[in-house]
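Let's walk through this structure together, one piece at a time. Keep the viewer open as you read.

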Amino acid sequence: MNISDCELHTEYLIVSVMTTEEDMKDFLFTLGCYPGERIVLISRLPSMYVVDIKNSRYSIDDNLARAICLREPGCVAPSSLEGRVV
Amino acid sequence: MRIALAGNPNSGKTTLFNAITGKVERVGNWPGVTVEKKEGPVKASLNRGKKKMTVVDLPGAYSMSPYTSEESITRDFVQKESPDIIINIVDATNLSRSLFFTSQLMELGIPVVIALNKSDLIQKKEIIIDTELLSEILGCPVVRTISTKTTNNGLGSLVEALQKISNEKKKQQPLRIKGAKTNATKEEMEQIDKNRFSVVNEIVERVERRKIDTSRHTFQDRIDKLVAHKWLGIPIFAVIIWLVFSLSQSWVGPWLADVFVGWIDGFYSLVERAMGGNVSPVLSTLLLDGIIGGVGAVVGFLPLIMVLFFMLALLEDSGYMARVALVMDRYFKKIGLSGKSIIPMIVSTGCAIPGIMATRTIKNERQRRTTAMLAPFMPCGAKLPIIALFAGVFFGDNAWVGTSMYFLAIIVIILSGLIIRRITGDTSKSYFIMELPEYRIPSVKRAVISMLNRAKAFIIKAGTIILICNAIVQILQTFNWQFQVVGQSAPDTSILASLATPLAWIFIPLGFGIWQFAAAAITGFIAKENVVGTLAVTFAVTNFINVEEFALVTGSTDVMAVFGIGAIAGLSYLVFNLFTPPCFAAIGSMNSEMESPKWLWGAITFQLGMGYVLSFLVYQLGTLFTTGAFGAGFLGGLIASLVMISYVVFLMRKGSTRIIKSVNEEVA
């Protein structure tokens with residue numbers, strides 16, 4: 001699943017980032033958007049999504065939203081979220 | 001001692017730089033305001049030591065691996081120009097991301113001092129940070145700062161920390177990150193950076209406590225829902241832009257301009273009286289009509305420009321700019337640009353130079369170059385006097401003239417974007433991501449500072465470039481080629497008239513084939529304010545603003561009679577000046593941002609063609625609708641316009657073949 005399928009204000013774990021530009025993948029990494037990290041969908045706007053990554057809000061277009069694969073909350077092992085500030 | 005200011009975008013680096021040096025560099029509430037490095041000494045009230053401290057403000061960066069070109073400036077500076085100390089500005093509300101860059105900066109061996117900025121916001125957000133523990137873990141001083149405040153802002157302690165660390169002369173120890181080494185492969189680097197984030201996460205867990213979950217729905221999110229609404233997004237943007245321009249051009253600006261021109265008139269009379277009747281008429285005309293009249297005609301519009309900059313500063317400070325980018329993204333994608341292209345365009349409504357430079361935050365090369373080419377189509381502050389003058393003379397100060405020029409600019413940009421996309425044959429898709437800063441109530445103080453700074457720059461420009469240009473124009477129109485004074489009865493024999501007349505021929509199909517207009521259009525390339533100045537000098541109209549009637553232009557029918565053209569030709573001239581290439585300084589900026597002579601010359605030719613064809617259409621169609629017949633020079637203009645349009649169509653077809661070819665290759 002990707003961001004477009006997410007429920008609002010629910011924590012998901014990033015499984016993979018599959019952008020066609022390698023640079024974009026590296027850039028997302030520096031923001032803390034990489035496999036294993038958490039991401040929360042804040043709102044859906046026309047052709048745009050607002051997400052929370054490491055306590056910051058970003059708007060990303062649907063193109064990029066589709067490139068970020070997530071894991072459903074139910075599939076998340078509770079231990080992997082331990083210690084994170086929520 | 002050179003001190004680099006480095007940190008994540010929108011962490012407040014330039015605000016801190018301004019506060020620590022007393023400078024007035026551009027600030028704004030969106031990531032990517034600063035796109036070049038700037039230097040300044042720490043002001044004497046903060047630096048009590050003997051050593052001179054120079055601070056270098058750098059563009060924001062998320063890491064040492066630059067994504068866009070302005071981030072490279074930061075990386076290159078800290079790596080290659082080895083500053084003595086790095087002030088790493090960390091947004092206190094966002095430790096978990098900011099410390100990633102911090103850990104990379106610490107590996108350079110240069111002493112690091114952390115300025116934990118926006119410390120006032122952490123109380124509001126109920127975040128507790130153990131500064132001492134953070135300093136102990138990182139092995140460098142951590143100072144809480146609030147750079148937006150003038151007192152108790154922590155800047156004194158920051159400078160003290162800098163002095164102390166400079167005396168210690170110790171190398172910064174890096175954080176211990178598993179596997180960290182130089183010359184790592186890409187895969188190794190990825191693993192190292194993952195480990196780096198793990199270390200950062202551990203540090204944050206130890207030093208920070210948050211009571212409020214950042215991912216909850218906030219009031220700010222509700223505003224976003226409204227301003228980025230599917231149907232309301234664009235109307236809200238239009239209303240905001242309309243307010244900014246209407247206040248400066250129709251309401252507050254003209255009123256202030258009127259008061260101001262009263263003073264200039266007073267000054268004119270004072271100088272006239274002081275000179276008496278004994279001064280040579282040539283010198284008296286040069287001083288009164290050429291210098292005071294010409295410069296005064298331009299400076300009279302200063303209040304309009306000041307109000308515009310005040311309004312723009314409020315807009316830039318509010319946090320709305322980043323939202324405009326996200327609202328416009330889906331529309332701009334259709335013309336081959338990105339939402340980020342709107343920011344350079346809005347900045348260009350103040351001045352095209354910072355607007356063009358703001359394109360550095362756009363990653364895609366074609367989008368960046370196209371934006372640098374199209375941003376100057378937005379009427380800049382210097383074009384405001386031209387708009388105000390023509391709206392006043394020909395359209396009875398109607399507010400719609402000014403506002404419609406901005407909307408016409410948007411239409412021209414959309415059309416040009418589509419054309420350029422076809423010419424380049426580039427259909428590559430790009431991603432859009434932008435950090436959303438929090439909205440805040442714009443600071444009136446910051447807006448006033450920005451406004452006064454722009455006013456100062458404008459007055460300096462008026463007193464130098466514009467003054468010299470007006471004096472030259474006055475001299476050139478006073479003498480003929482035999483250096484004899486040209487009588488008032490035969491102004492067409494002057495040097496200026498003989499130089500500008502051949503050009504005026506080209507403008508006949510546009511409705512203003514008069515040498516004075518040609519001369520003004522040419523001096524406009526030096527600085528757009530010159531257009532009004534040159535018109536004032538060549539038509540001997542000393543000021544355009546009426547002090548008695550609180551109207552923008554002195555007896556508009558009189559000025560119209562002197563100009564010798566009608567309203568349609570006036571509108572055509574306005575359009576020509578707005579949509580031909582910008583001033584030389586802005587062209588210089590285009591050159592450095594495009595990094596391609598082919599693109600630069602293509603852009604200038606395109607802008608010239610666009611200005612000519614639009615102007616031709618306005619004049620000829622306008623004349624056709626109002627009089628039932630085409631205007632003068634229709635056939636010549638039509639041929640010229642058709643040649644230009646055909647060439648563009650030819651280039652577009654060539655570009656389309658490239659698209660088909662690349663699609664075929666992909667399919668194969």
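Two residues are in contact if their C-beta atoms, placed from the backbone, lie within 7 Å. With that cut-off, 55% of the contacts in chain A between residues at least 6 apart in sequence join residues at least 24 apart. Before going on, a word on bookkeeping: this is a predicted model, in which local features need pLDDT of at least 70 and side-chain atom pairs count only at pLDDT 80 or more, while totals for chains, interfaces and linings use all residues. Residues are numbered from 1 along each chain as its sequence is written, and chains are lettered from A and ligands numbered from 1 in the order in which they are written.

Let's stay with chain A for a moment. Chain A holds two helices and five strands; helices (H or I, at least four residues) and strands (E, at least two) are DSSP runs, numbered from the N terminus. Along the sequence, these elements follow the pattern β-α-β-β-β-α-β. Of the 86 residues in chain A, 45% are buried. Here a residue is buried if 20 or more other C-beta atoms lie within 10 Å of its own, exposed if 12 or fewer, and partly exposed in between, with C-beta atoms placed from the backbone.

Now turn to chain B, which is divided into domain 1 (2-210) and domain 2 (234-661); the bounds come from an automatic or database domain assignment. The centres of domain 1 and domain 2 of chain B, taken over C-alpha atoms, are 41 Å apart. Their contact takes 16 residues from domain 1 and 19 residues from domain 2 of chain B. On the domain 1 side, these residues divide into seven nonpolar, six polar and three charged, where Ala, Val, Leu, Ile, Met, Phe, Trp, Tyr, Cys and Pro count as nonpolar, Asp, Glu, Lys and Arg as charged, and the others, Gly among them, as polar.

Next, look for an open sheet of six strands in chain B, with mixed pairing and the order S2-S3-S1-S4-S5-S7. Two strands pair if DSSP finds at least two bridges between them. Strand S2 (38-41) and strand S7 (142-144) of chain B stand at the edges with a single partner strand each, so one side of each has no neighbour in the sheet. From one strand to the next, the twist averages 25°. Strand S5 (residues 112-117) of chain B runs parallel to S7(B), and three bridges join them; B:Ala115 has B:Val143 in S7(B) as its bridge partner.

Two helices pack on this sheet. Helix H1 (residues 13-21) of chain B touches strand S1 (2-7), S2, strand S3 (54-57), strand S4 (85-91) and S5 of chain B, and its direction makes about 160° with that of S3(B). Helix H6 (residues 155-168) of chain B touches S1, S4, S5 and S7 of chain B, and its direction makes about 170° with that of S5(B). Axes are lines fitted to C-alpha atoms, for helices over the stretch in contact, and angles run from 0 to 180 degrees between N-to-C directions.

Which residues touch the most other members of the largest nonpolar core? Of its 208 residues, they are A:Val51, B:Leu5, B:Val113, B:Ile114 and B:Ala115. A nonpolar core is a set of buried Ala, Val, Leu, Ile, Met, Phe, Trp, Tyr and Cys residues joined through C-beta atoms within 7 Å. Helix H11 (residues 302-318) of chain B gives the most to this core, with twelve residues. Both domain 1 (2-210) and domain 2 (234-661) of chain B give residues to the core, so it lies between them. Leaving out residues up to four places away in sequence, B:Ala115 touches B:Leu16, B:Ile87, B:Ile89, B:Val90, B:Val143, B:Thr145 and B:Leu158.

How do the chains meet? In all, 33 residues of chain B are in contact with 33 residues of chain A. By class, the side of chain B that touches chain A has eleven nonpolar, seven polar and 15 charged residues. Strand S4 (residues 56-61) of chain A runs antiparallel to S9(B), with three bridges joining them, and A:Tyr58 has B:Glu435 as its bridge partner in S9(B).

Finally, compare two helices of chain B. Ten of the ten residues of helix H21 (residues 529-538) of chain B are buried, so this helix is largely enclosed by the rest of the structure. After H21(B) comes B:Ala540, with a positive phi near 55°. In helix H26 (residues 634-667) of chain B you will find B:Arg653, which is exposed, with 11 other C-beta atoms within 10 Å.
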